[in-house]
Amino acid sequence: MNLKRTFGAVLTTLGIIGLIYTGYMVLQGGGEITSMIVFGILGFIFFAYGISLLRTTKDKA
């Protein structure tokens, strides 16, 4: 099992959860603007880094 690919999958999953939570807070309209921005930026960074890690890591046979 490749540790980098596992870490990339975890980061991607956390990023998706962060982006979905940000969208939920925006639709509800009850959250603070600062917390929405922080969750959105962190979610995007985790998602982008996780996808990048999955793409650049090669599988070993």
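Q: Why does Y21 count as partly exposed?
A: In this predicted model, Y21 has 39% relative accessibility. Buried would need under 20% and exposed over 50%, so at 39% Y21 lands in between and gets the label partly exposed.

Q: What about F39: why does that residue count as partly exposed?
A: Its relative accessibility is 37%. That value sits between the 20% and 50% cut-offs, so F39 is partly exposed.

Q: What makes Y21 and F39 an aromatic pair?
A: The rings have to have their centres within 6.5 Å. Y21 and F39 come in at 5.1 Å centre to centre, so they pass. By this rule the count comes to 1 aromatic pair.

Q: Why is the Y21 and F39 pair called edge-to-face?
A: Look at the angle: the planes are 85° apart. Anything over 60 degrees counts as edge-to-face, so that is the name this pair gets.

Q: How do you know that the pair links distant parts of the chain?
A: Y21 sits in helix α1 (residues 3-28), while F39 belongs to helix α2 (residues 33-56). The two residues are 18 residues apart.

Q: What makes up the fold, in helices and strands?
A: The protein chain has 2 helices and 0 strands.

Q: Why is the chain called more spread out than a compact globule?
A: For 61 residues the globule rule gives 10 Å, but the radius of gyration here is 14 Å, well over that, so the chain is more spread out than a compact globule. Its C-alpha trace spans about 50 × 15 × 15 Å along the principal axes.

Q: How do you know how α2 compares with its expected span?
A: Take its 24 residues: at 1.5 Å a residue, 34 Å is expected. From first C-alpha to last, α2 reaches 34 Å, which is close to that value.

Q: Which residues of α2 are called buried, and what makes them so?
A: They are M36, G40, G43, G50 and L53. Buried means under 20% relative accessible area. What covers them includes α1.

How values were computed
Residues numbered from 1 in each chain as written. Predicted model: local features only at pLDDT ≥ 70, side-chain atom pairs only at ≥ 80, totals over all residues. Heavy atoms only, no water. Phe/Tyr/Trp six-rings, centres within 6.5 Å; stacked < 30°, edge-to-face > 60°. Helix = DSSP H or I, 4+ residues; strand = E, 2+ residues; numbered from the N terminus. Buried < 20%, exposed > 50% of the residue type's maximum accessible area, 1.4 Å probe, protein only. Rg over C-alpha atoms; globule rule 2.2 N^0.38 Å. Expected span 1.5 Å × (residues − 1). Contact = heavy atoms within 4.5 Å.
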